[in-house]
Amino acid sequence: MKKKIILSILVLAVLAFGVYRVIVEIKIHKTPTVIEDLCYSKRYKKDGLVYVMENGVYTPYIAIDTKNYGKDAVILVRQTAWLEEMMYRDENIYGVGGAYYPGSIVDNFLEGVVYNAYSDGMKGIIRNAPVKVHTIEFVSKHFSKCPPNLETIYRHVFALSSAETGIKGSPMKGEDEGKLIPEIIENSDVYYTWLRSEAFGGDDTRAAMMRGPEGASSHIQNDDESYVRPVFTVKRSEPIELRTLDTEQGTVYVFSADK
């Protein structure tokens with residue numbers, strides 16, 4: 001009797017695994033019609049590339065599956081940094097509140113200049129997303145052992161957090177967890193991109209930065225200007241389509257609304 005039960009369990013397990021593999025293969029090879037179909041994830045390692053118009057020029061973004069910004073959201077991360085260097089804040093970059101994200105040069109640039117570079121169609125589908133950041137009180141305490149104190153701000157375009165880029169030993173416990181950056185992201189060993197998280201160093205609270213190919217991250221103490229990497233979210237059901245661009249880019253996926 002026990003042998004029959006064990007055999008039945010094994011048969012069911014094999015059938016369940018077979019069904020799972022079929023579902024995986026269908027999702028992998030399905031022709032994408034909405035942005036969720038195109039997403040890069042740990043399970044379905046597609047390239048996730050969708051092209052977004054910026055000032056009339058199409059630029060690749062990586063669609064990534066995440067629940068950090070709501071169950072109905074897909075996050076879009078620019079594959080390359082926006083190559084315009086800037087300081088983090090108007091005042092000294094370090095010191096009390098120096099790494100506070102809201103109202104920083106980076107925050108204002110992304111929500112202003114970058115957002116306005118998108119087409120009217122894209123502006124119509126980009127969500128005003130809930131973004132978690134540490135409060136200025138917590139940022140100003142430097143090496144405080146108190147629990148992280150978070151607040152939620154709403155942004156159309158924003159920067160990644162240190163946790164999302166995979167920084168180990170980050171002080172950003174309590175904000176959005178889990179590395180999002182896939183290997184296909186492009187970066188350079190010679191420049192850094194600002195994050196919305198702080199990095200603690202010496203007597204100062206500093207803004208964190210990401211560097212390196214494959215999204216490797218570090219909290220280098222840099223008092224110079226750095227670049228930014230735009231991020232935004234759209235609904236998972238947002239329609240996409242194939243569109244033929246110039247001869248170099250060829251036929252690529254774009255948002256149907258991006259015109």
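Me: Where do the cut-offs lie for buried, exposed and partly exposed?

Reply: Buried means under 20% relative accessible area and exposed means over 50%, with partly exposed in between. The model to which these cut-offs are applied here is a predicted one.

Me: What makes the contact between Arg78 and Glu54 a salt bridge?

Reply: The closest N and O atoms of Arg78 and Glu54 are 2.8 Å apart, and because a salt bridge asks for a side-chain nitrogen of Lys or Arg within 4 Å of a carboxyl oxygen of Asp or Glu, the pair qualifies as a salt bridge. Arg78 lies in strand β3 and Glu54 in strand β1, so the pair ties together parts that are 24 residues apart in sequence.

Me: How do you know whether Arg78 is buried or exposed?

Reply: The relative accessible area of Arg78 is 10%, and since buried means under 20%, Arg78 is buried; Glu54, with 7%, is buried as well.

Me: What makes β1 and β2 a pair of strands?

Reply: Strands β1 and β2 are joined in the antiparallel sense over six bridges, and because at least two bridges are needed, they count as paired. Together they form a hairpin with two residues between them, and β2 pairs with β3 in the antiparallel sense too, over five bridges.

Me: What does the salt bridge of Arg236 and Asp65 tie together?

Reply: The side chains of Arg236 and Asp65 meet at 2.6 Å, N to O. Arg236 lies in the loop between β11 and β12 and Asp65 in strand β2, so this pair ties together parts that are 171 residues apart in sequence. Against the 20% limit, Arg236 is buried at 11%, whereas Asp65, at 31%, is partly exposed.

Notes: Residues numbered from 1 in each chain as written. Predicted model: local features only at pLDDT ≥ 70, side-chain atom pairs only at ≥ 80, totals over all residues. Heavy atoms only, no water. Helix = DSSP H or I, 4+ residues; strand = E, 2+ residues; numbered from the N terminus. Buried < 20%, exposed > 50% of the residue type's maximum accessible area, 1.4 Å probe, protein only.
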